[in-house]
Amino acid sequence: MKNNEIIKNLSLIEKIKIVTGHAFWYTHDLEDKGLNALLLTDGPSGVRKQEEGADALGLDQSIKTISFPSLALIASSFDKNLLRQYGEYLGQIAKSEKVNVLLGPGINIKRNPLAGRNFEYMSEDPLVAGKLATAYINGLQSQGIGSSVKHFAANNRENQRFTNSSNIDERTLREIYLSAFETVVKYAQPATIMSSYNAINHVPVSENKWLLTDVLRNEWGYQGVVVSDWSAVKHRSNSLKAGLNLEMPGKGQSTLTEVTNAVKNGELDEHILDISVDRVLTLIKQHQIKDEAQSYDKASYHDFSRVLASKSIILLKNENNNLPINSSSLGLIGELAAKPRIQGGGSSKVNPYNIVTPLEAFNKHQVEYAQGYYISNHEVNQKLQQEAVKVAQQNDQVILFLGYPESYETEGFDKNALALPDNQLTLLDAVTRENQNVTVVLQNGGTVLMPWAHKVKSIVETYLSGEAVGEAIKDVLTGKQNPAGKLTETVPKRLEDVPSYLTFNQSKAEEDYREGIYVGYRYYDTKHIKTQFPFGHGLSYTTFEYSNIKIAPQEKSLKINLDIKNTGKIFGEEVIQVYIGNRASDIDMPLKELRDFERIALDANEAKIITFDIPYKALRWFNNNTRQWQIDDGEYVVYVGSSIEDIRLEQSITLDITNQTKSYWIHEDTYVYELVLRKNEIKQSLKQYQLDELIGKVTEDSELAPLFENLPLRSLIMLDMDIATVHDFINAANEELKHK
């Protein structure tokens, strides 16, 4: 039956129920129409299916399934094919569990490393988040399971997330915080988009018509359902008018009464309600699961989790090729080796199928283990530390497992600091005094400050690696997997260096984004601030050579070719990163911005030609004055490298792509120095009004030049030129330009 036929036969109460959640995780069913209720469950790092009536924060037990790595780690693979495959695996599990919509992925920008939910998000860069999320969503939805991209939008802190206002200028909002969402809408059409708790510029997102309708639907062409984050909706009738279609989990009778009264009082046009009913009906129809549930081989899915993690782990430091492990005796130190953190807390927490710890994974080797510290107690335990020091003394090589306790980072609140607990830092000092061959393996949801980095030979960033944590770490440390992960966020030297340091969490009610577009590497790179590890950084056990860059402007894109060769002795993978610096626009711009990337695999001594096709649209910027996107002709610099700082190839190019006339009209506010640049175009007019002599002086006298750079034509009256004569010259010059 068509939607309009269903809608016309529904009572007002029935309509309201359709756009309101039921039993916490479900939509209302329409059994008489042959439509079952949809089940929506959390899904950023696995399928977290709760029992009916269960809470949203994971306090009750959920089904046992695969705990995959956090998105913070998986995104570090920079591998679009891997992300699509991950989505397919999630979709297959969801189908087997009769889950219709999976609540993920999370693609909010990592604006500040203190943000408590950064483990659930992909990057500080919207291009990375947008492209990888597109792959994930397309993989998930290829299995018939709907996605729910979250949290739309500018939800970049956890403290007071239900009430704080993200105050952002439109350029920053569009270029940084909306960009990834625009990408997934246009290239993946997610079944649902989840609106966030916060307000934007004091308008709650759930009631923000400009965001949910004007931008999301009318500009981007979104066709799916806007669903609220759980309990985000304050005024249901206002949210319906704004374009929020499905309220979750719903407020029961309160919602029914509010919307009924709004329709009867004329505050809400019933046609507006019908639009949301229509969209939710379409969602329900498209994501019915009618087949019998198919079981899945948890062991093979666990193996895929291991692949995901090992391909994403980042080798941050490897002094003197300390890794892969090559020693006669090996010591493992740290409670996290025996009791690893595999996932973040809150709504993404999965009940794991089979946790394999690092200590278990190394059980076939001759390893000696010492606990070293208690992860749940930050005080130094002298006995445990002395045991660890003894292990450090008795072994050639030490793997020291450090990281944040779960209490440091979870949904619902932000961190206060980025340092490791004191007992771990004290242990690190003690161990490195006794052994010069120490590798630190980090387990953490978000950025860790590393003032101790110089004390150790190697640093391996594993984030939260999922249930195959031990196997994946072993694969990388032993060289079974050549590391190829890259940082999708900057690791600063100091918290004070973070661009949003002065404003983040300073007010309970207001979150002011005063740093503008200068988020993450855009700030550090442009300001030349030294970082601990830069965006895009990640080492390999082999080496790569970049050469022979060729750039060719096409009709709608910039074509870039280059050669890359594996110059080492083993197979490896490299993430080639293309950055572009805008030198054309008359506005502040970052020194360079990521515009494309590709992960490629090369055997030892193998070379490939790699081609990038970057649409000119990628060079646009948002003009706050005109409230329009803008592309400018002029000089751009193309950088290709292995990180934002490790640039291997660089080339400038001048683009003429806007099809706009190069001649622009001269007017009263045209500066005199601009006439110098255009003297050949208006030669006759300059001579007629004796301005050619003035131009000559400006050109010849270096002291006059700076003065005339800042003198508009209307101010020539200071040089005894009548304003009428100025106007006559302007008219003559423009007439001359018409005939050029």
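Predicted model: local features only at pLDDT ≥ 70, side-chain atom pairs only at ≥ 80, totals over all residues.
Reader: Does isoleucine 717 count as buried, exposed or partly exposed, and why?

Author: Buried means under 20% relative accessible area, and exposed means over 50%. Isoleucine 717 has 48% relative accessibility, so this residue counts as partly exposed.

Reader: Which residues make the nonpolar surface patch of about 390 Å²?

Author: You have already met one of them, isoleucine 717. The patch covers about 390 Å², and its members are Ile717, Met718, Leu719 and Ile723.

Reader: With which residue does lysine 150 form a salt bridge, its closest N and O atoms being 3.3 Å apart?

Author: Start at lysine 150, whose closest N and O contact in this pair is 3.3 Å. Lysine 150 sits in strand 4 (residues 146-152), while its partner is 30 residues apart, in the loop between strand 3 (101-103) and helix 5 (126-141). That partner is glutamate 120.

Reader: Is lysine 150 buried or exposed?

Author: The cut-off for buried is under 20% relative accessible area. Lysine 150 has a relative accessible area of 1%, so lysine 150 is buried.

Reader: How many residues apart are glutamate 182 and arginine 620?

Author: The side chains of these two meet in a salt bridge, at 3.1 Å from N to O. Glutamate 182 belongs to helix 7 (residues 179-188), and arginine 620 to the loop between strand 22 (607-615) and strand 23 (621-623). The pair links distant parts of the chain, 438 residues apart.

Reader: Which strands each supply at least two residues of the lining of the second largest cavity?

Author: This cavity holds about 70 Å³ of space. Its lining includes Ile580, Asn582, Glu593 and Arg595, and also Arg620. The strands that each supply at least two lining residues are strand 20 (572-582) and strand 21 (593-602).

Reader: How much space lies in the largest cavity?

Author: Four cavities of 30 Å³ or more are counted. The largest is lined by 14 residues, with Lys110, Arg111, Pro113, Glu124 and Thr490 nearest its centre. The space inside the largest cavity is about 100 Å³.

Terms used. Residues numbered from 1 in each chain as written. Heavy atoms only, no water. 1 Å grid on protein atoms, 1.4 Å probe; cavity = no way out; pocket = protein on both sides within 12 Å on 5 of 7 lines; lining within 4 Å. Points joined across faces, edges and corners; volume = space filled by probe spheres on them. Helix = DSSP H or I, 4+ residues; strand = E, 2+ residues; numbered from the N terminus. Patch = residues over 30% accessible without salt bridge, like charges linked within 9 Å, V, L, I, M, F, W, Y side chains within 5 Å. Areas by Shrake-Rupley, 256 points an atom, 1.4 Å probe, with all protein chains shown as cover. Salt bridge = Lys/Arg side-chain N within 4 Å of Asp/Glu carboxyl O. Buried < 20%, exposed > 50% of the residue type's maximum accessible area, 1.4 Å probe, protein only.
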